[in-house]
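Work through the exercises below with the sequence and the model side by side. Each task is followed by a solution in steps.

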Amino acid sequence: MRADTIELKEILRGLDRFSQSGLRWTLTMVFAIEEINRNRELLPHTTLGYEIFDSCDASSEGLKGAFNLLKGRGNGAPNSTCAGVPLVPVIVGDGASSQSIAVSRLVAPFAIGLVSYFASCSCLSNKSEFPTFLRTIPSDAVQMKALVRLIHHFEWTWIGAVAEDNDYGRFGMRSLIEEAAKFEICIAYIEFLLPGRTRQRVSQVAKTIRTSSAKVLIMFCGESDAMSLVNELRIAETVDILSGTIGFGIRRAEIPGLREFLVKLHPSTAPYNTYVQELWGHVFGCSIKTSNHSLKENMSAFPYKPCTGSENLETVESAYSDVSQLRVSYNVYKAVYAIAHALQNLQSCENGKGPFVNNTCGQKSKVLSWQLLHYLREVRFTSQFGEEVSFDKNGDAIASYDLINWQKRPDGSIDFVNVGYYDEALPKGEELELDESRIVWHRTALQNKAPLSVCSKSCLAGTRKAVRKGQPVCCFDCLPCADGEISNETGSIECIKCPSDYWSNEPRNQCIPKEIEFLSFQDSMGITLTAISVLGACITGAIATVYLHFINTPIVKANNSELSFLLLISLILCFLCSIAFIGQPSAWSCMVRHTVFGVSFALCLSCILSKTLVVLMAFKATLPGSDVMKWFGPRQQRSIVFICALIQVIICVIWLLTSPPLPAKNTKYQNAKIILECGVGSTVAYCSVFGYIGLLGCICLILALLARKLPDRFNEAKLITFSMLIFFAVWVTFIPAYVSQPGKYTVAVEVFAILASSFGLLFCIFFSKCYIILLKPDENTKKHAIAKKCTTVT
């Protein structure tokens, strides 16, 4: 060996029994080393060597091999090409996390780089504890991100987890819990498989899996643990239990020439290699004859028939020669090339441009471990397969996974089909890519759809989640949204309150405009009230026509025809103003309805007040020496009406100028409806209008009571008394009805009060007179009045 030869040492991950895959990984390293040694561009003046130790899946054996390397003493294996080197610069391995943790702690003080191809425990990313550790496999923490995003994609919120009871399993479980919490994914159960895999413990875990409602299982187990659990599950389930499995695999690659290199292995070319002896026993079922005493002892454990020597690996299919799924082997391949590129960067460094003190490059002829480790951390190259290889600040490879679906072939074998990938280097939210059309789920899946794994089915639109007390957030009840609230998507946590002008529909999944309610002309009630209003106005007009036709008759003259006509006109206004209360409120209709109502009733009551005063004064005028009638002539009567009505007009004008009644939306009584009504604006003005009408009514009632027994044939005092009693009865009844009938019924009650009081005044004051005028004209004479000794008012 030349003086500049560098030894690369690997501690091979073993299983409890011989592993054909493990041997393939080992020889992949040898293949990569030989490929680099043949490369004239990469390390053209350096030859790489190797020495192999088997850790036998035990930390103690791994530490033993590493210690021997530190002392510079090989184990005397025939395949060692260098011996006596005091210190190795870098170690490839171990494949297991627990062994890597132990070895890394041992070699860290010596600054020896440890590049693992399969140790994925997230704990190894801690550079303060493992400063010299690097790996070509991504950390489990990244794998958990990928798995949780896959779980979230399929909306699985209720999953189970089984892990080995070691560093790999426990750190992986912690990463799963942390990532799952970000997406509100709940873990139904967590089970650990204890070392030794006792049948009782495996059965307990299998029972937990079978009885759980979770349909998705996450496993952090090695091959042997996983197979023990799968075999236990097969007892009560189907033999193709793994068919349809989906998960992430290490990036796959095809390494040209590797299979040819592997199948060239033969006992004749490696007569003292115990691995070849074991491989021949597993692949061909035969035992190789050997003169080596120790090998004979080892091979006695394999009671096979003697080999003929004609066995050829190229003629059989085995796990050793299967290069269709080169994933871990590819990581071994990348680890060797990463070391080679780091060494290349060291040797090609120019003094003055180096990374060390005074910009030095480091020793090139005798490589120091800590210097090579620095270059190794900074290495970045593109592999022959187009993949960029580098390490992040934690010494982890940039995560890139294939999404693999286990599909059962017609012949019963399993085909590993790529259905997507996860690439951490892609922008956030775009790391996961999958083609669901290529996925074949387990045969129990309906219509080949992804299985449903939830504690509670997602709440439909119109409902919200209500977490069950004492249970995970994934277990909940679905409660319908309250009135006026909606949820328009599945799985809503809260219901959304509708805007003030909207209300929830019946399914509670959409806000719809609230029903607008007002007393419409299209409503049967509105039509009826409108018809009654017009009828009242027409009847009043007809009475006015009768009065006009019989204006010169005693009964018309006796009741002050001018005030009677003015009263009839005001009653027509009272009837017609009620129509303003019907229809959709607007600014004009609100102002008109209240002001016209107030003024017309004030005018009506002013006329009645004036008529009542005339009756009282006319009686006093019959007393000897009284000249009171000169103060209550037609001019004074008109003045009384004008002044009384003017006061109401002034109140209404002030009302309109300061705070007029305007349309308002009332949702106080009915949340599902918008009651369009006329707000009163100024409450003081509103009360003043009604109060003034009430005051005029009270005065009219008092005066009518005083004049009701005056001896006049055509005395209206009794009729006015009845009319005012009806007036007050109507409006006193109106108040509680107005308060208790919200919406359009409030307006209807108000219109009814207007019409009822108007009809009361009309019929009480004018009906009896029209009856005499039209049906008993003989009583409508002056002679009849004198015969009854009645005093007429002219």
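**Exercise 1. Is C349 buried or exposed, and which cysteine is its disulfide partner?**

Step 1. C349 has a relative accessibility of 11%, so it counts as buried; buried means under 20% relative accessible area, exposed over 50%, and partly exposed in between, with a 1.4 Å probe and protein chains only. The model is predicted: local features need pLDDT of at least 70, side-chain atom pairs count only at pLDDT 80 or more, and totals for chains, interfaces and linings use all residues. Residues are numbered from 1 along each chain as its sequence is written, and side-chain values use heavy atoms, with hydrogens and water left out.

Step 2. The partner is C361, with the two sulfur atoms 2.0 Å apart. A disulfide here is a pair of cysteine sulfur atoms within 2.5 Å.

Step 3. The torsion about the S-S bond of C349 and C361 is about -70 degrees, which means that the disulfide is left-handed. Both cysteines lie in the loop between α11 (328–347) and α12 (369–378), so the bond ties together parts 12 residues apart in sequence. Helices (H or I, at least four residues) and strands (E, at least two) are DSSP runs, numbered from the N terminus.

Step 4. C361 is buried because its relative accessibility is 0%.

**Exercise 2. Determine the handedness of the disulfides C121–C123 and C498–C511.**

Step 1. The sulfur atoms of C121 and C123 are 2.4 Å apart. Their S-S torsion is about 130 degrees, so this disulfide is right-handed.

Step 2. C121 is buried at 0% relative accessibility, and C123 is buried with a relative accessible area of 10%.

Step 3. In the pair C498 and C511, the sulfur atoms are 2.0 Å apart. The torsion is about -90 degrees, and therefore the disulfide is left-handed. C498 is in the loop between β20 (496–497) and β21 (502–504), while C511 is in strand β22 (residues 511–513), so the bond joins parts 13 residues apart in sequence.

Step 4. C498 is buried, at 9% relative accessibility.

**Exercise 3. Check the span of helix α2, then list its buried residues.**

Step 1. Helix α2 (residues 59–71) has 13 residues, so at 1.5 Å a residue it should span 18 Å. The expected span is 1.5 Å times one less than the number of residues.

Step 2. The end C-alpha atoms of α2 are 18 Å apart, which agrees.

Step 3. G62, G65, A66, N68, L69 and L70 are buried in α2. An α-helix has 3.6 residues a turn, so residues three or four places apart point the same way.
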